[in-house]
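Subject: Structure for you to look through, with notes

Dear colleague,

My notes on what was found follow directly below it.

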Amino acid sequence: MGAGHDHGHGHGAQGAVANRRRLAIAFGITASVLVIQAVGAVVTGSLSLLVDTGHMLTDVGGLALSLVAATLAMRPPTTRRTWGFARAEVLSAAAQAGILLAIGVFALIEGVRRLLDPPEVEGGPLLVFGILGLVANVIAILVLVSARDANLNLRAAFLEVVNDALGSVAVIVSAIVIALTGFLQADALAAMVVACLIIPRAFVLLRASSRILLEETPEAIDLDAVRSHILELDHVTAVHDLHASQIATGLPVLTAHVVVADGCFRDGHGAAILTQVQTCIAEHFDVEHSTIQVEPVSHREPEAHA
């Protein structure tokens, strides 16, 4: 006897449309400023502005990925894709995290080189382009801030824009230092500061998305506690093949084989136990998608275990 606890995925259509609209606005703002900063990096020869431009390039690519993922996630499930494209947001977040890590490492390596041999950098133009970038990023932050915790996809987009805003601040500070003191290494130091801000956040995002892609047990679910709760139910004698994973943000799933007394299958009590198990899992562990197989003690079907 097995069953899946079925319900809506909880991804409200109106919320999904609103989130997609926010991403589209942020994408438009960031893409426009990318062109301006690219010109500024060429004109000024600044590493910090170049890194910030590269970071903004990943923002544009990342926001484009986020926009595509948000659109795909709204598609309904099919017989071929039973969860639809719910995991598209996780793939998008993982890709963005990888790109951010690459940019951070490049900035550190190039920053060290430029500390030893700093090129000429014009402070005045650098300050102008830094301010333009900061203003654009602040607007994008305001657009995304209310939805930043909706899913990993939006969190990745928000983190990229925030990091880019911090990069713009670093560019502005280095421009002021260069203009006032002529200390050219300030540009390389600013780039390295941005890298140090990017890398830890990228690792956190990569770890979060990897946990889902590797189908690790969600942090909010304690499988030992789940097992204990199920074993406390009347007539349940054992629980095995207990697994929990996460399809996408806010969409955990759980499967288990629950062994009950043979008499439950003779008196028709098995169906009631199935309901009790799924209700227990939903109420205590907030898992609405559970698939439970109820077995009699006498069941001895051979199973291969990796």
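Let me start with a cysteine: Cys-264 has a relative accessibility of 3%, and because buried means under 20% relative accessible area, this residue counts as buried. Cys-196, by contrast, counts as partly exposed, since its relative accessibility of 47% falls between the 20% and 50% limits. A disulfide is a covalent bond between the sulfur atoms of two cysteines. With a cut-off of 2.5 Å between cysteine sulfur atoms, the count for this model comes to 0 disulfides.

Please bear in mind throughout that this is a predicted model. The mean pLDDT of the chain is 80, and 89% of the residues reach 70 or more. Confidence is highest in helix H7, at a mean of 93, and lowest in strand S1 (residues 2-4), where the mean is 55. Two stretches call for particular care: over residues 6-11 the pLDDT is below 50, and this stretch has 9 contacts in the model beyond near neighbours in sequence, while residues 302-306 also have a pLDDT below 50, with 5 such contacts. Where pLDDT is low, the predicted coordinates should not be read in detail.

As for the overall layout, the chain has 306 residues, of which 45% are buried, and its secondary structure comes to 9 helices and 4 strands. Along the sequence these elements follow the pattern β-α-α-α-α-α-α-α-β-β-α-α-β.

Helix H6 runs over residues 185-213, which gives it 29 residues, and the distance from its first C-alpha to its last is 41 Å, close to the 42 Å expected at 1.5 Å a residue. Just after H6, Glu-215 takes a positive phi of about 55°.

Strand S2 (residues 236-248) pairs with strand S3 (residues 251-260) in the antiparallel sense, over 9 bridges. Within this pairing, Ser-245 has Val-253 of S3 as its bridge partner, and His-243 is partnered in S3 by Thr-255. The hairpin that S2 and S3 form has 2 residues between the strands, and Gly-250 takes a positive phi near 75° there. S3 also pairs with S4, this time in the parallel sense and over 8 bridges; in that pairing, the partner of His-257 in S4 is Gln-293. S3 is mostly covered, with 9 of its 10 residues buried.

Which residues touch the most other members of the largest nonpolar core? They are Ile-230, Val-236, Leu-254, Val-277 and Ile-292, in a core of 21 residues. Helix H7 (223-231), S2, S3, helix H9 (270-285) and strand S4 (289-296) each supply at least two residues of this core, and H9 gives the most, with 5 residues. Leaving aside residues up to four places away in sequence, Val-277 touches Ile-230, Leu-233, Val-258 and Ile-292. There is also a second, separate core of 13 residues, and Ala-26, Leu-144, Leu-154 and Ala-165 are among them.

Most residues other than glycine have a negative phi, and most peptide bonds are trans. His-235, however, has a positive phi near 75°; this residue lies in the loop between H7 and S2 and is partly exposed, with a relative accessible area of 41%. Asp-286, which is not a glycine either, has a positive phi of about 55° and is found in the loop between H9 and S4. Because its relative accessible area is 59%, above the 50% limit, Asp-286 counts as exposed.

With best wishes,
A colleague

Terms used. Residues are numbered from 1 along each chain as its sequence is written. This is a predicted model: local features need pLDDT of at least 70, side-chain atom pairs count only at pLDDT 80 or more; totals for chains, interfaces and linings use all residues. Side-chain values use heavy atoms; hydrogens and water are left out. Two strands pair if DSSP finds at least two bridges between them. A nonpolar core is a set of buried Ala, Val, Leu, Ile, Met, Phe, Trp, Tyr and Cys residues joined through side-chain atoms within 4.5 Å. Buried means under 20% relative accessible area, exposed over 50%, partly exposed in between (1.4 Å probe, protein chains only). Contact means heavy atoms within 4.5 Å. The expected span of a helix is 1.5 Å times one less than its number of residues. pLDDT is the predictor's confidence in each residue, from 0 to 100.
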